[in-house]
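Please look over the chains below and work through some questions about how they meet.

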Amino acid sequence: MIEIDNLTKTYGAGPQAYQALRGVTATVRANEFFTLLGPSGCGKTTLLRMIAGFETPTSGKLLLDGQDVSASPPYRRPVNTVFQSYALFPHMTCAENIGFGLKMLGKPKAEITRTVGEMLDLVQMTPMANRRPSQLSGGQQQRIALARALAPKPKVLLLDEPLSALDYKLRKDMQIELKRIQKDTGITFVFVTHDQEEALTMSDRIAIMNAGTIRQIGSPRDIYDQPAERFVADFIGETNFLTVGLLGVAGQTARVALPSGRELDLRAPGELPKGPQVTMAIRPEHLELVAADAGQLSGRLSNIVYFGTDTHFHVDLGEGGALVVRSQNKPDQMPRLTAGEAVGISVLPGTGQVLRD
Amino acid sequence: MATRPKPPAVDGARAALLTPALLIVTLGALAPVLVIALYSILTPGDYGGVSWTVSFQNWLNVIAERDFLTDEMTLAAAHLEIFWRSVKLAFLTTLLTFIFGFPAAYFIATRPPHRRDLWLMLIMLPFWTNLLIRIFAVMQLIRNDGIINNLLLSIGAIEAPIQMLYTEFAVLVGMTYLYLPLMVLPIYASMERFDFSLAEAGYDLYAPRLRVLQQVILPAIKPGIIAGSILVFIPSLGDYVVARVLGGGKQLMLGNLIGMQFGELRNWPLGAALSLTLLAIVAVAMVIYVRTAGAEEEPHG
């Protein structure tokens with residue numbers, strides 16, 4: 001378990017000081033696949049490097065299984081890293097690379113040989129044991145880097161965008177592979193990525209970061225279905241934002257007035273901004289096109305974009321803004337629509353969310 | 001295994017382009033060696049030069065001398081002492097330039113890229129000054145009435161000046177100072193290409209700083225160290241000027257011995273034989289060095 005307690009990191013001083021982390025607090029549970037997701041420059045790599053020990057926090061604490069490790073150097077932390085560039089030692093064979101950590105820990109030779117064998121097996125690279133990293137493909141180097149980081153059986157494995165250098169097909173395979181290895185070994189994985197799809201498919205929980213802070217932590221489903229704020233909703237997937245009037249709040253539900261005048265109950269977790277106007281987020285696939293006089297909203301089709309698996313309908317709501325409705329393409333296609341037609345939009349029950357900002 | 005591209009066939013135009021380089025190599029390197037090789041098996045002329053009588057006496061004289069009275073052949077102790085001193089000082093110079101040069105190269109390579117040029121220029125700066133001036137500057141530092149001795153005397157650390165000038169120590173200091181950039185630059189060049197995430201990977205895998213240096217950084221920059229050592233060792237072995245000025249004609253090196261044969265002693269054939277001996281020592285040392293240093297290196301596929 002990693003407890004991240006109000007960590008900050010400031011580079012430089014004075015007017016040129018740059019705050020890479022502005023007070024990050026989170027708990028990574030044991031044995032979970034935890035992902036730090038955010039745009040570049042959001043501080044996710046800084047946070048990862050801080051857990052590894054390559055960066056020292058400006059303030060705050062980092063606890064690993066209850067022990068404060070904020071000040072210990074990387075070689076004293078039971079944490080290993082899979083580097084973005086793999087960073088395999090070019091002058092060593094794959095087996096020597098994998099055994100390096102164990103050798104430094106002073107393990108007996110027999111144990112090193114056995115563990116290296118197990119690791120090669122785990123990543124299915126046994127035939128490559130005596131090759132040099134330069135003789136391997138990117139995907140193979142990736143596997144060796146993973147095996148090297150797993151060999152000392154760390155409490156936490158850190159992965160810094162490890163799949164970003166692989167091509168699409170290989171990346172898909174490695175995603176499944178990583179997930180399998182995480183389950184098999186039971187090691188806590190902290191994974192850094194800027195690829196939302198990767199985050200959604202692999203993680204137990206995701207922390208969305210922006211500008212040196214964590215914006216929301218939750219399961220992929222929570223994050224996708226219930227984004228807490230505009231940044232999260234916008235960063236993950238596609239979202240429609242609508243300005244709606246707030247009529248009242250009861251527990252986790254808010255009653256809002258849509259631009260069309262119709263009223264609707266939406267989820268509203270946490271605090272809501274004061275004032276009569278709030279922002280509602282709704283995914284395009286949670287909307288449905290209906291006949292012009294039906295549905296909670298109405299507008300005019302401005303554009304139809306065909307995507308193969310589904311079609312995006314851009315609807316102009318007039319004063320109320322614009323929305324995108326996504327519908328899956330099925331053989332029993334609804335009557336063909338053309339741009340300029342008047343349509344109605346229905347919000348699927350149980351969807352939509354009032355944002356906190 | 002990657003297939004190597006075939007060397008392009010040498011056609012007329014390419015041959016023409018090669019000619020200047022081949023000419024320089026032939027006239028500037030090969031021909032003099034052949035002339036020296038020829039001289040080494042001739043007899044010395046009365047006033048320098050050579051007389052065209054074939055004799056292998058010179059080669060014998062490289063390591064042996066004939067006693068005037070008994071006509072007995074004994075080992076030329078003076079020559080052997082000079083050989084030994086040359087090899088020893090060249091080796092120590094290489095070692096010292098590495099000890100001083102490695103941290104310097106490491107320091108420069110770990111600076112932000114836009115600052116590295118400035119540091120490199122500071123390393124290169126002495127090269128812009130005449131060699132003799134730099135050696136005389138060293139002389140000013142270490143002579144009996146020089147800056148170091150005066151300083152030590154004034155603070156009372158010593159009673160009488162330490163004799164540093166005209167010792168092996170002086171030659172060593174001079175050569176180390178002179179050849180330091182030749183060690184720093186190749187090490188810097190290979191360190192600049194060094195991926196410092198490898199060092200991080202080392203720390204991450206439980207290796208403290210010294211182990212990282214020894215297990216990760218040194219093996220990766222070995223080509224630079226080998227190049228630097230060769231660049232320092234060869235000129236140190238054949239050094240002439242430093243030993244002449246700072247050694248004061250007492251601490252002779254091979255270069256001085258050869259110089260004397262062609263100068264004062266008018267024994268060109270012996271000088272030629274000694275020159276080829278120097279060449280042989282360099283060649284043997286390099287073969288041994290590169291073999292040992294590159295022993296763990298496997299041929300790349």
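The questions below turn to the contact between the chains and then to a surface patch.

This is a predicted model, in which local features need pLDDT of at least 70 and side-chain atom pairs count only at pLDDT 80 or more, while totals for chains, interfaces and linings use all residues. Residues are numbered from 1 along each chain as its sequence is written, chains are lettered from A and ligands numbered from 1 in the order in which they are written, and side-chain values use heavy atoms, with hydrogens and water left out.

Student: What is the area buried between chain A and chain B?

Tutor: Contact, meaning heavy atoms within 4.5 Å, joins 28 residues of chain A to 20 residues of chain B. Buried area is the accessible area (1.4 Å probe) that two parts lose on being put together, summed over both. Carbon and sulfur atoms give 61% of the buried area, whose value is about 2100 Å².

Student: Which side chains meet in a salt bridge?

Tutor: A salt bridge requires a side-chain nitrogen of Lys or Arg within 4 Å of a carboxyl oxygen of Asp or Glu. The count between the two chains is one. At 2.6 Å, N to O, the pair is B:Glu200 and A:Arg49.

Student: Which helix of chain B gives the most to the nonpolar patch?

Tutor: Helices are DSSP runs (H or I, at least four residues), numbered from the N terminus. The patch on the surface includes B:Phe107 and B:Leu118, and B:Leu118 lies in the helix asked for. With four residues, from 113–124, the helix is α4.

Methods
Patch = residues over 30% accessible without salt bridge, like charges linked within 9 Å, V, L, I, M, F, W, Y side chains within 5 Å. Areas by Shrake-Rupley, 256 points an atom, 1.4 Å probe, with all protein chains shown as cover. Helix = DSSP H or I, 4+ residues; strand = E, 2+ residues; numbered from the N terminus.
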